[in-house]
Amino acid sequence: MTLDDVKRARELLEGVARRTPLEGSRTLSERCGAPVRFKCENLQRTGSFKIRGAYVRIANLDPAERAHGVVAASAGNHAQGVALAASLLDSKSTVFMPEGAPLPKVAATEAYGAHVRFAGHTVDEALIAARAFAAETGATFIHPFDHPDVIAGQGTVGLEILEQCPEVRTIVVATGGGGLLAGITVAVKATRPDVRVIGVQAAGAAAYPPSLEAGEPVQLAGMATMADGIAVGRPGDVPFELIAAAADDVRVVSEESLSKAMLLLLERAKLVVEPAGAAGVAAIMDDPHAFDGPTVALLSGGNIDPLLMMRMIRHGLVAAGRFLSLRLRIPDRPGALAKLLSELGEADANVMDIEHLWTRPSLAFGEVEVALQLETRGIAHAETLISRLRAAGYQPEPTSF
C-alpha cells in the first residue's frame, strides 16, 4: 500500500464519490483553543465513506469476475456501499445481513440494487454465510476492510482533508476493522508526516489497543456497544500492519461520550451522525487539549435508525446532565408535595414526570416516596439542584433515567 495506490483509487472514484464538505465547529474550537473541523462523510453517497472502498475493489475486478457478481456481509454501511458500487459497475450483488438488521438499512440496501439475504444474529455469522455463498457460486467476496483496494479507496478521504485544510495538524478517525484509519494514515503520512493520525474505538469493541500491545491482531472475547459501525472483534491483517507501522495513537471512548458527541453534532452542528461516526468528536470532547490544532474529526457515517436516534438523543441528554431522575421522601400530609414542587420551580427545574409511591416496605409510617424526572440546563445545574434540595431538608437519591 502506497500513496500511488490511493491516488489511483481517487481517479477511479472521480464522478462516483462526493467530495464531502469540511465544516468548522465553533463550540469545539473554543473548548480546544484551536480550530476544529468536521469532514462530513455522513453526507457521502449511501450515507458513509464505504462507497469509496467498495467501488475501488469492484472496479479492479476483471470483467469475468464482475460477471459472476459480488457478495458481502454487513449490518448497514458496507452493505449499501457494495450495493451501489455493484450497480454502477453492472455487477449483481448479494448482501448477507444479520437477522434483526434495522429495516431502513435493509430497505436502502435493496433500493441500491442488492439481493438481501439474512443469516445469523451477528455480522460475524453473516460473514460465514457470505464466504460460503462465494465458494458455492463463484461470486467475489468484498471484505469491508481487509483488502488493499478497499483501504486505498478509503484513503482518498485523507487526500481531500489535506487539500481542504492544508494547515491541519491532527486527524481523528473512527476505527473498527481499521480500513479507514489505515488508508488515511498511508495517504497522509506519505505527504505530511508531521500530521498526527489518531484512531478512536468504542470501549465495548476496542480490539486495537490489545492488538497493538501484542504486536498482532487479537480477537475480542465479546463486544457491547451502540456503535455498530465500528463493532469489529478483530483487526484486519492488512490494515493492522499499516496502522501499527505509522498511525500515531488509538484512543477509546465510552458509550456516554458517544451519546454526548451525537447530541452536540445534532444540536450545534445540525448534523445527523450515527454513533460510530461520532467517535472522533467524542474523543475530542473527552480530552480537548490533547489534540494539536487545527484538528479534523472525521464523521464517518450518518445511517441511523430513527427509533435508535430517539433513544440515543435521550441517552445523550442524560449523559449531559440535561435529564435528572430522583427519588426522595416527603411527609404524607397536605401541602408537602406542593412545597417540594415550589422548591423545584424556584431552582428552575422543569418537572417532566412525577409519581407518588405509598406502598414501599422501607417507608416509615407517615412517609411517601416521590419519583421525579426533571429537565435541567446541564450537569452544573443538576448538581446545584440536588444541593438545594438537601439544604431544604430532603434526601434526594439520583437514579437512572
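Helix 12 and helix 13 are roughly perpendicular to each other (65 to 115 degrees counts as roughly perpendicular). Their axes, lines fitted to C-alpha atoms over the stretch in contact, come within 8 Å and cross at roughly 105 degrees. On helix 12 the contact (heavy atoms within 4.5 Å) involves S257, L258, K260, A261, L264 and L265, and on helix 13 A279, V281, A282, M285 and D286.

The model is predicted, with local features requiring pLDDT of at least 70, side-chain atom pairs pLDDT 80 or more, and totals for chains, interfaces and linings using all residues. Numbering starts from 1 along each chain as its sequence is written, and side-chain values use heavy atoms, without hydrogens and water.

A pocket here is an open set of points on a 1 Å grid where a 1.4 Å probe fits, with protein on both sides within 12 Å along at least five of seven lines; lining residues have an atom within 4 Å of a point. Of its 17 lining residues, R31, K260, L264, M285 and A320 lie nearest the centre. Helix 12 gives the largest share, six residues.

| Contact of helix 12 with helix 13 | eight residues | one residue | two residues |

Elsewhere, an open sheet of four strands has the order 5-4-3-6 with parallel pairing (strands pair if DSSP finds at least two bridges between them). Strand 5 (115–118) and strand 6 (140–141) are at the edges, each with a single partner strand, so one side of each lacks a neighbour in the sheet. Strand 3 and strand 4 are joined by four bridges; V70 has S93 of strand 4 as its bridge partner.

Note on methods
Helices (H or I, at least four residues) and strands (E, at least two) are DSSP runs, numbered from the N terminus. Axes are lines fitted to C-alpha atoms, for helices over the stretch in contact, and angles run from 0 to 180 degrees between N-to-C directions. Angles under 35 degrees count as roughly parallel, over 145 as roughly antiparallel, 65 to 115 as roughly perpendicular and the rest as oblique. Ala, Val, Leu, Ile, Met, Phe, Trp, Tyr, Cys and Pro count as nonpolar, Asp, Glu, Lys and Arg as charged, and the others, Gly among them, as polar.
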